[in-house]
Amino acid sequence: MLQMSRKCVPYTPITCDLSELNVAIVSSTGIYLADQHQPFNDNGDDTYRVLPAEFDASQIRFKHGHYDTSEAEKDVNVVFPIDRLREFAANGVIRGLSNKHISFKGFSMDLKRQYEFLAPTIADELERSQADAVVLTGG
Amino acid sequence: MLITVVPNESKVMRPPRAIHPLGHQLGRVLGTAGDVEKQQETLFAALQQFKELHTPGLIQDVQI
């Protein structure tokens, strides 16, 4: 499992063009797919959901409780810009989308578990995906 | 690459690259529902950060 520094800012210079990158979204907005996932818990939640590159938009749901999801329920792209990424891929701005995108709730009283389990597990998931770069969004 | 509307809170997470789209709010960090142009501009501003070498951890204010 990846080990993260507690002091340094992790930084990897990118030497290729944007048009050569597959991009993933990692989001603490509590998004999940009703036909594939269980909702997040009402209280602290240390789990995550993997969203595929293509999914049925009618199945998008939000379970968070710590931000107003009303705009996101009208248009997921205000917090999870999946359609905008697809447009950029179609226009050649980026190479494409990763085969995996990640959602989690981002609220937990157990920060140790978030730091030592959830974040490295998500990083491992991305290491095993097609992602070259990641866009992080919150609620 | 982080898009944040709470830069002071995000700073402690030490993101390698981050933008703060000025005026955007929680629950609509890329803009309002249906505003495709603003969402595209915000995401493009974020992706542009991959092309630039800058101080790791810097959260860049951007006017969209």
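**View 1. B:Arg14 sits in the loop of chain B between helix H1 (7-11) and strand S2 (18-21).** Helices here are DSSP runs of H or I with at least four residues, strands are E runs of at least two, and both are numbered from the N terminus. Keep in mind that this is a predicted model: local features need pLDDT of at least 70, side-chain atom pairs count only at pLDDT 80 or more, and totals for chains, interfaces and linings use all residues. Residues are numbered from 1 along each chain as its sequence is written, while chains are lettered from A and ligands numbered from 1 in the order in which they are written. B:Arg14 isn't a glycine, yet its phi is positive, at about 55°. Most residues other than glycine have a negative phi. B:Arg14 counts as partly exposed because it has 17 C-beta neighbours inside 10 Å; buried would take 20 or more other C-beta atoms within 10 Å, exposed means 12 or fewer, and partly exposed is in between, with C-beta atoms placed from the backbone.

**View 2. A:Ala53 occupies the loop from strand S3 (48-52) to strand S4 (60-62) in chain A.** With 18 C-beta neighbours inside 10 Å, A:Ala53 is partly exposed. Look for A:Ser98: 45 residues away in sequence, but 6.3 Å away in space, C-alpha to C-alpha. Skipping residues up to four places away in sequence, A:Ala53 touches A:Leu97, A:Ser98 and A:Asn99 (contact means C-beta atoms, placed from the backbone, within 7 Å).

**View 3. The largest nonpolar core has 38 residues.** Such a core is a set of buried Ala, Val, Leu, Ile, Met, Phe, Trp, Tyr and Cys residues joined through C-beta atoms within 7 Å. A:Val23, A:Ile25, A:Val135, B:Met1, B:Ile3 and B:Ala46 touch the most other members. Neighbours within four places in sequence aside, the contacts of A:Val23 include A:Leu85, A:Ile94, A:Ala131 and A:Val135.

**View 4. Chains A and B meet through 27 residues from chain A and 26 from chain B.** On the chain B side, strand S1 (2-3) and helix H2 (36-48) each supply at least two residues, and H2(B) gives the most, with 5.

**View 5. Strand S7 (residues 133-137) of chain A runs parallel to S1(B), joined by 2 bridges.** Strands pair when DSSP finds at least two bridges between them. Here A:Thr137 has B:Ile3 as its bridge partner in S1(B).

Methods:
Contact = placed C-beta atoms within 7 Å.
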